[in-house]
Protein chains: 2
Amino acid sequence: MDKKRFEKQIRFIVEIDKLKTIYRQSVLIEDNTRYENDAEHSWHLAMTAILLLEYSKDANKLDMLRTIKMLLIHDIIEIDAGDTYCYDKEANRDKAEREKRAADRIFSLLPDDQAKEFFDLWNEFENQKTPEAKFAAVIDRFQPLLSIYYSQGYTWKEHGITSDQEIERNKIIQEGMPELWEYVEDIIRDSVENGFLRE
Amino acid sequence: MDKKRFEKQIRFIVEIDKLKTIYRQSVLIEDNTRYENDAEHSWHLAMTAILLLEYSKDANKLDMLRTIKMLLIHDIIEIDAGDTYCYDKEANRDKAEREKRAADRIFSLLPDDQAKEFFDLWNEFENQKTPEAKFAAVIDRFQPLLSIYYSQGYTWKEHGITSDQEIERNKIIQEGMPELWEYVEDIIRDSVENGFLRE
């Protein structure tokens, strides 16, 4: 065993425990008592991808192992960069720069080959060129949409979000999982009727 | 789209949000302020498996997609059955029965083919026959060991656990990832010296 290599791996496994302390904008569905954190969210994304794969327009050519790795890894940079709320214009200005710095620091804790694998997966997700990255991004929109809808629009109400904003934001679902779009429109319409979203 | 099928999938995705409320015995490494929950734990297991695969004695023949699915899914039954502390003899008496009932209810929310896939993955993990199930179980021992060690033995001190108990419990690491055993012995020895574990 290469001890230096192993120590780096352990150091990284311990470091990413911090993802459990990075809180997002969605709350738990059951009782809305607290915000969801990035580690839980990443798990829920992987589960959602496994369950809804058949609706991806690329279902037959996707490498699911790479897709799941991407989903599990893509938010790790938020340990340093924090969760940036999608509708926070100010915070989104330097988001890319903050996240790049975070990736540099955190992935570099790993041995070179694994650091490269993680960098590549993270870049692949960010660049949105491959079927795996596109499907992962669609899932990363759909799971929060579902969570917020099933928590009676908690986050939308908090920030006064409109149905147009959500339609615009979730359009990539229409491209990546076209069969799901009718359902997305249904829950957005229902959310307006129930006062979860503003018209 | 088969609407009934899709509704079952959504119902399940919403149901498993509850895994974020099932708390385990280990605490967060950074500040020990709260117990880790099953959703975070499942994410951390998948990450640990990805990072330490090379130390598995079956590294070359493992199906990693199936291993990761198993790790992400295997604790879902705790939504109904609860987390059973490994050293709680009383609670362990009816654990298998409680977990079987939970699997029946929860996985049956899914369309038949996916319910079967999840049952099969859960049973495969429980039966410990395949290389994937064995590696998953080893990771499911190693990640908590690491978490508890790096949180200054929080859980061990709380329950007065001895080094012999931990050696016994973690022996499967020696079988599944033999190169790691020296490290496990080191941290157990160090834990005794630092008062994290009783002699």
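At 34% relative accessibility, A:Glu54 counts as partly exposed (buried means under 20% relative accessible area, exposed over 50%, partly exposed in between, with a 1.4 Å probe and protein chains only). The model is predicted: local features need pLDDT of at least 70, side-chain atom pairs count only at pLDDT 80 or more, and totals for chains, interfaces and linings use all residues. Residues are numbered from 1 along each chain as its sequence is written, chains are lettered from A and ligands numbered from 1 in the order in which they are written, and side-chain values use heavy atoms, with hydrogens and water left out.

A:Glu54 forms a salt bridge with B:Arg5, at 2.7 Å from N to O (a salt bridge is a side-chain nitrogen of Lys or Arg within 4 Å of a carboxyl oxygen of Asp or Glu). B:Arg5 lies in helix 1 (residues 3–15) of chain B, and A:Glu54 in the loop between helix 2 (38–52) and helix 3 (64–73) of chain A, so the pair joins two chains. B:Arg5 counts as buried, at 17% relative accessibility.

Within chain A, A:Arg34 and A:Glu40 form a salt bridge, with the closest N and O atoms 2.6 Å apart. Both A:Arg34 and A:Glu40 are buried. A:Lys57 and A:Asp58 also meet in a salt bridge, at 3.4 Å from N to O. A:Asp58 is buried, with a relative accessible area of 10%. Salt bridges that share partners link A:Arg11, A:Glu15, A:Lys18, A:Asp80 and A:Arg105 in one network. Over all chains, the structure holds 50 salt bridges.

The same surface serves both copies: 100% of the contact residues of chain A recur in chain B (contact means heavy atoms within 4.5 Å).

Chain A holds eleven helices and two strands (DSSP runs, H or I of at least four residues for helices and E of at least two for strands, numbered from the N terminus). From the N terminus on, its elements run α-β-β-α-α-α-α-α-α-α-α-α-α. The C-alpha atoms of chain A fill a box of roughly 60 × 35 × 30 Å along the principal axes. Of the 199 residues of chain A, 56% count as buried. Among contacts in chain A with a separation of 6 or more, 67% come from residues 24 or more positions apart.
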